[in-house]
Structures are given as structure tokens and as C-alpha cells.
Amino acid sequence: MRYVREDIRRLSNRLSTQEEEIVLVKQGGGGMRICITFNNNITVPAELNDSETGRKIQDALPLAGRVNTWGHEIYFSIPVKAGLEKGATEVMEIGDIAYWPPGHALCLFFGPTPASVDDKPRAASPVNKVGRFEADSHILKQVPDGARVEIKEA
């Protein structure tokens, strides 16, 4: 995703002080709609963002594999190699999709994990947020360890 910094001085007469910090204008397309299907019977609609890692995942579609579970996180290896991006974090929200560089894995967070300090999901180490899923997070509790997963463009 390309960003262009607006000329802050030109806009300063029209913007409040809070709005002046940085104005970024998104150039080009947004994220990609995808479908994540487990064992051919649970389908979760989602969207990948337009980050560097998100684009690498989009380029690798379609994907298939077997999932692992870790508390209320589903993760699985994918054939994508990416490092940590600026803003990588361990703190997640329910519905976040992230890429975990050490395991070359895509992760779906739907509740607390063993690393959580409260009811929020927490990754084992920093991850790149690459999207969001739109299903009721409780449906993912039905996905067993070892389930088949397929991801394709919606």
C-alpha cells in the first residue's frame, strides 16, 4: 500500500491541532476478501489487509493444510516468509488474523490463549496483524486440532 504525506502546512489553516499530526492518504486498493474453510463444513468469511505480509499471503492463495490449536487460537504453517513489520504486537483482539514469523504460520484469534493475562487473546510472541474474520468466534471452538483448512479468495 502506498501512502503519500499531505502538505501539512497547506492544510493547517483548516485542520484542528489534533488533526495536524500526520495526514496519510491511502493510494490504491484495499484488502482481499477470503473464505477460510475447516473440514469442508465450517466456513469463515474474512478479509486480508493491504500490508506487506497481507499481500504476500494474498499472492500465495489458495492455501491448504492442517491446523493446530493453542487455547482459543488456531494456527497453521503457510508457504510465506515475512519478517516482523512495524507495529507487530503480541496483543490481539477476538477476530484478528495474524502472521507469526517464527513458525511461518497464519493465526486466527477467537479468545484467550495460554499467554493471555486476561480475557483477550495474546500471541506467543509478536505477530503481524494481516486481517480480520467476520464469523461468530464461538464457531471456531468446534474446529479440532488437526482439522483440514483451505483458504481461497472469496
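# Notebook: cores, strands and salt bridges

I looked up the nonpolar cores first. The largest nonpolar core has 29 residues, and Ile36 and Phe38 have the most contacts inside it. A nonpolar core here is a set of buried Ala, Val, Leu, Ile, Met, Phe, Trp, Tyr and Cys residues joined through side-chain atoms within 4.5 Å. Buried means under 20% relative accessible area, exposed means over 50%, and partly exposed is in between (1.4 Å probe, protein chains only). The elements that each give two or more residues to this core are β3, β4, β7 (73-77), β9, β10, β11 and β12. Another core lies apart from it and has 6 residues, among them Ala98, Cys107, Ala123 and Val127.

I noted what kind of model this is. It is a predicted model, in which local features need pLDDT of at least 70 and side-chain atom pairs count only at pLDDT 80 or more, while totals for chains, interfaces and linings use all residues. Residues are numbered from 1 along each chain as its sequence is written, and side-chain values use heavy atoms, with hydrogens and water left out.

**Entry: Phe38.** Which residues does Phe38 touch, not counting residues up to four places away in sequence? I listed Val44, Val67, Ile74, Leu108, Leu140, Val143, Arg148 and Val149. A contact means heavy atoms within 4.5 Å.

**Entry: the whole chain.** I listed 2 helices and 12 strands. Helices (H or I, at least four residues) and strands (E, at least two) are DSSP runs, numbered from the N terminus. Along the sequence the pattern reads β-α-β-β-β-α-β-β-β-β-β-β-β-β. The chain has 154 residues, and buried residues make up 36% of them. I also looked at contacts between residues at least 6 apart in sequence, and 67% of these join residues at least 24 apart. The chain exposes about 8700 Å², of which carbon and sulfur atoms supply 48%. Accessible areas come from the Shrake-Rupley method with a 1.4 Å probe, and for residues only the protein chains shown count as cover.

**Entry: strand β11.** Two strands pair if DSSP finds at least two bridges between them. Strand β4 (residues 42-48) runs antiparallel to β11 and is joined to it by 3 bridges. Ala46 has Phe133 as its bridge partner in β11. Strand β8 (residues 89-91) pairs with β11 in the antiparallel sense over 2 bridges, and Val91 has Arg122 as its bridge partner there. Strand β9 (residues 96-100) also pairs with β11 in the antiparallel sense, over 4 bridges.

**Entry: strand β9.** How many of the 5 residues of β9 are buried? I found 4, and the strand is mostly covered. β9 runs antiparallel to β10, with 4 bridges joining them. Tyr99 has Asn128 as its bridge partner in β11 and Leu106 as its bridge partner in β10. β9 and β10 form a hairpin with 4 residues between them, and His104 in the turn has a positive phi of about 45°.

**Entry: salt bridges.** I recorded 9 salt bridges in the structure. A salt bridge is a side-chain nitrogen of Lys or Arg within 4 Å of a carboxyl oxygen of Asp or Glu. Side chains of opposite charge can pair when their charged atoms come close.

I took Arg33 and Glu134, which form a salt bridge whose closest N and O atoms are 2.5 Å apart. Arg33 lies in strand β3 (residues 32-38) and Glu134 in the loop between β11 and β12 (148-153), so the pair ties together parts that are 101 residues apart in sequence. Arg33 is partly exposed, with a relative accessible area of 36%, and Glu134 is partly exposed at 46%.

Next came Glu93 and Lys120, with their closest N and O atoms 2.7 Å apart in a salt bridge. This pair links distant parts of the chain, 27 residues apart: Glu93 is in the loop between β8 and β9, and Lys120 is in the loop between β10 (105-109) and β11. Glu93 has a relative accessible area of 35% and Lys120 one of 37%, and I marked each as partly exposed.

I then checked Asp96 and Lys129, whose side chains meet in a salt bridge (3.5 Å, N to O). Asp96 in strand β9 and Lys129 in strand β11 are 33 residues apart, and the pair links distant parts of the chain. Are these residues buried or partly exposed? Asp96 is buried, with a relative accessible area of 4%, whereas Lys129 is partly exposed at 36%.
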